[in-house]
Amino acid sequence: MKIISVVGARPNFMKIAPFVRAIEQYNGSISNANNSRLITHILVHTGQHYDECMSKSFFEALNIPHPDIDLEIGSGSHAEQVGRTMIEFEKVVRREKPDWIVVVGDVNATCACSIVAKKEHIKLAHIEAGLRSFDMKMPEEINRLVTDRLSDLLLTPDEISSQNLRNEGVPEDKIEFVGNIMIDTLEVHRETASKMDINQVISKNILHSDLNHDFNITATKFALMTLHRPSNVDKKEILEPIVNFLCDELSRDIQLLWTIHPRTRKQLQMFDLWDKVTSADNIILMNPIGYHEMLRLNMDAELVLTDSGGLQEECCVLGTPCMTMRWNTERPITLRKHGGSCVLVGNSIENLRKEYAVIKTIETKPKHPPLWDGSTAKHIVRVLTNKN
Ligand code: UD1
């Protein structure tokens with residue numbers, strides 16, 4: 001069996017790493033007499049993310065083999081990214097003629113390659129199927145809907161996602177509840193991360209060390225933040241109050257570590273907010289950090305503020321209180337009302353203020369939803385080999 005799997009952007013890398021390893025383990029378990037059952041695997045990187053800190057560092061940290069093919073798509077509008085990816089990926093598919101194309105998550109690469117797969121009559125499997133925010137203003141929601149509608153095999157992380165698919169009329173025999181593959185990665189790397197020194201993580205990644213020279217984070221409590229969604233960072237009237245809250249309120253109460261996504265940095269500079277953020281006393285700005293480093297900081301953070309879906313899931317499993325800076329989530333299982341540690345605050349300063357006060361008074365515990373146990377990639381390879 002020949003499989004092409006696709007990655008494009010940072011959140012894809014933690015999802016593909018366990019899949020690649022599970023294929024290697026499966027191939028290792030096949031005896032010589034059964035060579036025809038071996039999986040030939042081709043890893044394609046579309047190149048949507050290309051900076052060292054957004055891409056290569058994750059391949060190295062997660063032991064993902066160098067991609068067999070890099071389409072080098074780069075940045076651009078959504079149509080440009082999807083269009084360029086389709087043009088280049090079609091050539092790969094026509095040349096390689098795989099039995100299956102496996103896509104992960106909900107980024108532009110996921111959607112673009114799914115369309116190519118079906119137009120070339122190749123079977124398509126989607127890892128992390130069935131997530132729904134029901135928010136059509138989110139580019140990722142469109143990517144999820146297109147990908148799931150086209151997929152032959154929908155591999156879901158939780159029962160809520162399986163039910164979403166049933167509600168849309170997806171036949172039962174296409175849906176496989178396999179658990180959350182991100183947690184496979186977390187469990188493999190938890191120990192390595194736990195041994196890292198937090199102060200070293202910061203000094204290695206700090207931006208503007210001249211301005212943020214005074215820190216000894218292990219001696220104090222800290223909050224951890226990431227923000228990159230267009231809905232939070234693309235409009236000044238939304239980003240400015242957030243920055244004011246962080247600089248004038250939150251960071252006066254707790255040290256804030258903020259890892260800055262390239263998009264957010266650009267927007268802060270464009271809106272003349274960069275100087276305010278970089279000169280805030282108790283805010284440490286960092287470049288985008290590696291997988292282990294983020295996990296390490298998450299383990300000790302008093303709270304996380306984020307609009308990232310993956311980080312929400314990691315907070316849920318680690319039990320870190322998380323203010324999810326979104327009005328909706330495609331990952332409801334991580335929310336406090338389902339036993340998780342996350343709460344939706346949107347971009348309302350009133351909500352941020354209120355929930356921060358609540359978090360200081362409650363205790364959150366780690367939660368492992370069913371099959372968030374490190375075995376998801378193995379289930380996926382089993383399902384794929386049985387279906388072929
Ligand atoms: C993409 C995903 C989003 C995911 C996020 C994680 C889509 C629709 N969005 O959003 O779901 O949560 O990745 O980061 O696929 N840039 C660089 N270097 C890079 C990559 C990007 O500087 O390596 C800059 C470019 O200016 C680019 C901007 O960041 O225009 C945004 O990158 P893009 O890939 O368009 O989307 P993300 O916001 O990263």
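Author: A residue is called buried under 20% relative accessible area, exposed over 50%, and partly exposed in between (1.4 Å probe, protein chains only). The model is a predicted one, in which local features need pLDDT of at least 70 and side-chain atom pairs count only at pLDDT 80 or more, while totals for chains, interfaces and linings use all residues. Residues are numbered from 1 along each chain as its sequence is written, and side-chain values use heavy atoms, with hydrogens and water left out.

A salt bridge here is a side-chain nitrogen of Lys or Arg within 4 Å of a carboxyl oxygen of Asp or Glu; the whole structure holds 28 of them. One joins glutamate 172 to arginine 166, at 2.9 Å from N to O. Glutamate 172, with 46% relative accessibility, counts as partly exposed, and arginine 166, with 30%, is likewise partly exposed.

Another salt bridge links glutamate 330 with arginine 326 at 2.6 Å, N to O. Glutamate 330 counts as buried because its relative accessibility is 2%, and arginine 326 is buried at 5%.

Glutamate 128 sits in the loop between strand 5 (123–127) and helix 5 (139–150), and arginine 331 in the loop between strand 12 and strand 13, so the pair ties together parts that are 203 residues apart in sequence. Both residues are buried. Helices (H or I, at least four residues) and strands (E, at least two) are DSSP runs, numbered from the N terminus.

Two strands pair if DSSP finds at least two bridges between them; strand 12 (residues 322–324) and strand 13 pair in the parallel sense over 3 bridges, and methionine 323 stands opposite valine 343 of strand 13. These strands belong to an open sheet of 6 strands, in the order 10-9-8-11-12-13 with parallel pairing. Its edge strands, which pair on one side only, are strand 10 (283–286) and strand 13 (342–344). From one strand to the next, the twist averages 20 degrees, with axes as lines fitted to C-alpha atoms, for helices over the stretch in contact, and angles running from 0 to 180 degrees between N-to-C directions.
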